[in-house]
Amino acid sequence: MLNSCVLHHHTGPAPGTMVWGGIGYHSRTPLIRIAGTLNISEVMEPVVLPYLQGLAITVFQQDNAQPHVARLVQRFFVNHQFELLPWLARSPDLSPIENMWSMVAQRLTQITPSAATPDQLWQRVEAAWPAVPQKHIQNLFESMPRRLEAVISNNGGYSGY
């Protein structure tokens with residue numbers, strides 16, 4: 001599960017920062033701070049490729065966001081022979097990375113005072129990312145059958161996850 005997220009931690013005007021990170025059952029990628037808009041070359045070759053090559057079994061899930069389905073990105077996966085998990089657009093309740101971002105955000109809400117600048121927010125996100133126990137990530141992966149059942153039971157609608 002690899003994805004980007006814009007995180008805001010504030011009580012007043014929002015210092016925001018775009019962050020990219022990925023999770024696997026036994027590990028997670030380092031975080032990448034994205035300046036401006038997501039540039040795939042900042043992420044694919046230097047982070048995704050070594051991370052995926054280091055895994056015994058690789059099936060890549062993405063959320064069909066525009067930067068993730070660009071021809072350049074699709075070509076990257078074909079060229080490196082990585083299997084892509086077919087995925088519905090706009091299905092955040094079926095995406096464990098969204099729950100990971102929520103766990104990171106929850107940790108950020110426990111820090112006071114709130115981050116006043118994007119640099120402060122980045123430092124806090126960098127600390128919160130590895131602080132989420134790997135067992136919590138494993139639980140997210142193990143919940144996938146229940147998530148799918150809930151979506152099917154709700155006729156493809158929101159599952160509550």
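**Strand pairing, cores and local geometry of the predicted chain**

Valine 19 has arginine 33, a residue of strand β3, as its bridge partner. The model is a predicted one, in which local features need pLDDT of at least 70 and side-chain atom pairs count only at pLDDT 80 or more, while totals for chains, interfaces and linings use all residues. Residues are numbered from 1 along each chain as its sequence is written, and side-chain values use heavy atoms, with hydrogens and water left out.

The chain contains six helices and five strands; helices (H or I, at least four residues) and strands (E, at least two) are DSSP runs, numbered from the N terminus. Read from the N terminus, the order of elements is β-β-β-α-β-α-β-α-α-α-α. Of the 161 residues, 42% count as buried, where buried means under 20% relative accessible area, exposed means over 50%, and partly exposed lies in between (1.4 Å probe, protein chains only). The accessible surface amounts to about 8,900 Å², and carbon and sulfur atoms hold 56% of this area. Accessible areas come from the Shrake-Rupley method with a 1.4 Å probe, and for residues only the protein chains shown count as cover. Among contacts in the chain with a separation of 6 or more, 62% are between residues 24 or more positions apart; a contact means heavy atoms within 4.5 Å.

Strand β2 spans residues 16-22, and five of its seven residues are buried. Strand β3 (residues 32-34) runs antiparallel to β2, and three bridges join the two. Strands are taken to pair if DSSP finds at least two bridges between them.

Arginine 33 also takes part in a salt bridge, its side chain meeting that of aspartate 119 at 2.9 Å, N to O. Because arginine 33 belongs to strand β3 and aspartate 119 to helix α4, the pair ties together parts that are 86 residues apart in sequence. The rule applied is a side-chain nitrogen of Lys or Arg within 4 Å of a carboxyl oxygen of Asp or Glu, and by this rule the count comes to one salt bridge. Side chains of opposite charge can pair when their charged atoms come close. Arginine 33 is partly exposed, with a relative accessible area of 30%, and aspartate 119 is likewise partly exposed, at 46%.

The largest nonpolar core has 16 residues, and Leu31, Met100, Val104, Val125 and Trp129 are those with the most contacts inside it. Helices α3 (96-109) and α4 (118-131) are the elements that give two or more residues to this core. A second, separate core of 15 residues includes Ile34, Val48, Leu49 and Phe60. A nonpolar core is defined as a set of buried Ala, Val, Leu, Ile, Met, Phe, Trp, Tyr and Cys residues joined through side-chain atoms within 4.5 Å.

Isoleucine 57 is placed in the loop between α1 (44-53) and β4 (59-60) and is exposed, with a relative accessible area of 72%.

Two loop positions were examined for backbone geometry. Most residues other than glycine have a negative phi, and most peptide bonds are trans. The peptide bond from threonine 112 to proline 113 is cis, with omega near -5°, and proline 113 lies in the loop between α3 and α4. Glutamine 81, although not a glycine, has a positive phi of about 55°. Glutamine 81 sits in the loop between α2 (71-79) and β5 (83-84), and at 73% relative accessibility this residue counts as exposed.

In helix α5 (residues 134-142), glutamine 134 touches Gly24, Tyr25, His26, Ser27 and Arg28, not counting residues up to four places away in sequence. From histidine 136 to methionine 103, 33 residues apart in sequence, the C-alpha to C-alpha distance is 9.1 Å. Valine 151 lies in helix α6 (residues 144-153) and counts as buried at 11% relative accessibility. The C-alpha atom of valine 151 is separated by 8.3 Å from that of leucine 94, 57 residues apart along the chain.
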